[in-house]
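Reader: Got a model open here and want a quick walk through it. Where do we start?

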Amino acid sequence: MIDEVMKDFYRIAVPLPNSPLKELNSYFIKGEDRNLIIDTGFNRAVCFEAMQEGIEKLEIDLMKTDFFITHMHADHSGLVTRLATESSTIHFSRIDSQVFKRDGGWNTMLEFAGINGFPENELMRALNNHPGFKYSPQTVPDFSLIDDGDIITVGDYRLQCIATPGHTPGHICLYEADKKAFLSGDHILYDITPHIESWAYQINSLQDYIDSLEKVYTLDVDIVLPGHRNFFTDLKGRIDELKEHHESRANETLEVLGHDRKNAYEIAAGMTWDIDCESWDVFPIAQKWFATGEAIAHLRYLESEGRVKRNTDSEIVTFTAA
Ligand SMILES: [Zn+2]
């Protein structure tokens, strides 16, 4: 499905089968000399076909096309090496590019999941079912690295890069001040709440995320164009909702912990999740993985606020109320 959002600016809906996100919004901007494609879908046939269809219908010449990837997740970056040509520039966050250098960082993540109570005998199955492991680019893309404040110009559009760490450490949004348009990637979604996870205690991704919400709060915006689902207009209202959501999730995390000593996996199992499953035991393994990462992000945040204590005296990290 193709929508014209603004002049020479289109949205291609790329299906993401079996994902609660349903579709990725890929944005195509047509310029006189160069075009820009923002985000690409998973590296899998169904996404590739949808992108090809958009490219053909919009008569995009890939030899004259550059790419911008909002963050490293495979539903955004997956197809970029297949679509880029030798003349393409691939704009990508300097910080998220580190993940590709570390071969995805999967081993470190698995080890970390293990010390947080994720069952050892389930770790390999979790990895093999992780969309990032299955559908990332097969080769490391040749990136042109970007930082906060950089400007990308295409056609009539002047896009300002805004670093918004949280959903990933290197997530970048794009702001078009004249058109009052904000491409929010997965930083701000309307129909669903962005996934905030943490796979290292050095990073406080939920605090980073809240700071990044505040960073874009005062932007003068008429339309928000997110990485998934519907466009929306009320940026401030949505930011207020997201901040409230995470505060109540943090409180729920504390309630699940109660007066016990629990690990992150056990806490994730006790939290409520918006998924069509009767109990934690029958959750798809990938969802258990995401839930554990999200519980860790909230626990790390609560720890930084002095509301929980992290115990590292045994092999498995546990938490108690402070
Ligand atoms: Zn994402």
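**Strands, helices and one loop**

Author: Start with a strand pair. β10 (residues 172–176) and β11 (residues 181–185) run antiparallel and are joined by 3 bridges. Keep in mind that this is a predicted model.

Reader: Which residue stands opposite A181 of β11?

Author: E176 stands opposite A181.

Reader: What order do the strands take in the sheet with β10 and β11?

Author: The order is β8-β9-β10-β11-β12. It is an open sheet of 5 strands, and the pairing is mixed.

Reader: Which strands stand at the edges there?

Author: β8 (151–154) and β12 (223–226) do. Each has a single partner strand, so one side of each is left without a neighbour in the sheet. On average, neighbouring strands of this sheet are turned by 25° against each other, direction ignored.

Reader: Zoom out. How many helices and strands are in the protein chain?

Author: The protein chain has 11 helices and 14 strands.

Reader: And what radius of gyration does the chain have?

Author: It has 20 Å. A compact globule of 322 residues would have a radius of gyration near 20 Å, so the value agrees. Along its principal axes, the C-alpha trace spans about 65 × 40 × 35 Å.

Reader: What percentage of the residues count as buried?

Author: 43% of the 322 residues do. As for contacts, take those between residues at least 6 apart in sequence: 66% of them join residues at least 24 apart.

Reader: Back to sheets. What about the one with β1 in it?

Author: That is an open sheet of 7 strands, in the order β1-β2-β3-β4-β5-β6-β7. Its pairing is mixed. The edge strands are β1 (2–6) and β7 (143–146), and each pairs on one side only. From one strand to the next, the twist averages 25°.

Reader: How many bridges join β4 to β5, and do they run parallel or antiparallel?

Author: 4 bridges join β4 (residues 35–38) to β5 (residues 65–69), and the two run parallel. I38 stands opposite F68 in β5.

Reader: Why the split into two sets?

Author: In a regular strand, side chains alternate between the two faces of the sheet.

Reader: Which β6 residues point which way?

Author: I90 and F92 point one way, H91 and S93 the other. All of these are buried.

Reader: How does β6 pair with β5 and β7?

Author: β5 and β6 pair in the parallel sense over 3 bridges. There, the bridge partner of F67 is I90. β6 and β7 also pair in the parallel sense, over 4 bridges. I90 stands opposite F143 in β7.

Reader: Switching topic. Where is T85 found?

Author: In the loop between α3 (80–83) and β6.

Reader: Buried or exposed?

Author: T85 counts as exposed, because it has 11 C-beta neighbours inside 10 Å. The cut-off for exposed is 12 or fewer.

Reader: What does T85 touch, leaving out residues up to four places away in sequence?

Author: L62 and M63. For another distance, take I38, which is 47 residues from T85 along the chain. Their C-alpha atoms are separated by 15 Å.

Reader: Last one. At what angle do α8 and α11 pack?

Author: About 80°, with the axes of α8 (residues 205–216) and α11 (residues 285–304) 7 Å apart. The two helices are therefore roughly perpendicular to each other.

Reader: Which residues of α8 and α11 meet?

Author: S205, L206 and Q207 in α8 meet A297, H298, R300, Y301 and S304 in α11. By type, the residues of this contact are 3 nonpolar, 4 polar and 1 charged.

Notes: Residues numbered from 1 in each chain as written. Predicted model: local features only at pLDDT ≥ 70, side-chain atom pairs only at ≥ 80, totals over all residues. Axes fitted to C-alpha atoms, helices over the stretch in contact; angles between N-to-C directions. Parallel < 35°, antiparallel > 145°, perpendicular 65-115°, else oblique. Contact = placed C-beta atoms within 7 Å. Nonpolar A, V, L, I, M, F, W, Y, C, P; charged D, E, K, R; others polar. Pairing = 2+ DSSP bridges. Rg over C-alpha atoms; globule rule 2.2 N^0.38 Å. Buried ≥ 20, exposed ≤ 12 C-beta atoms within 10 Å, placed from the backbone.
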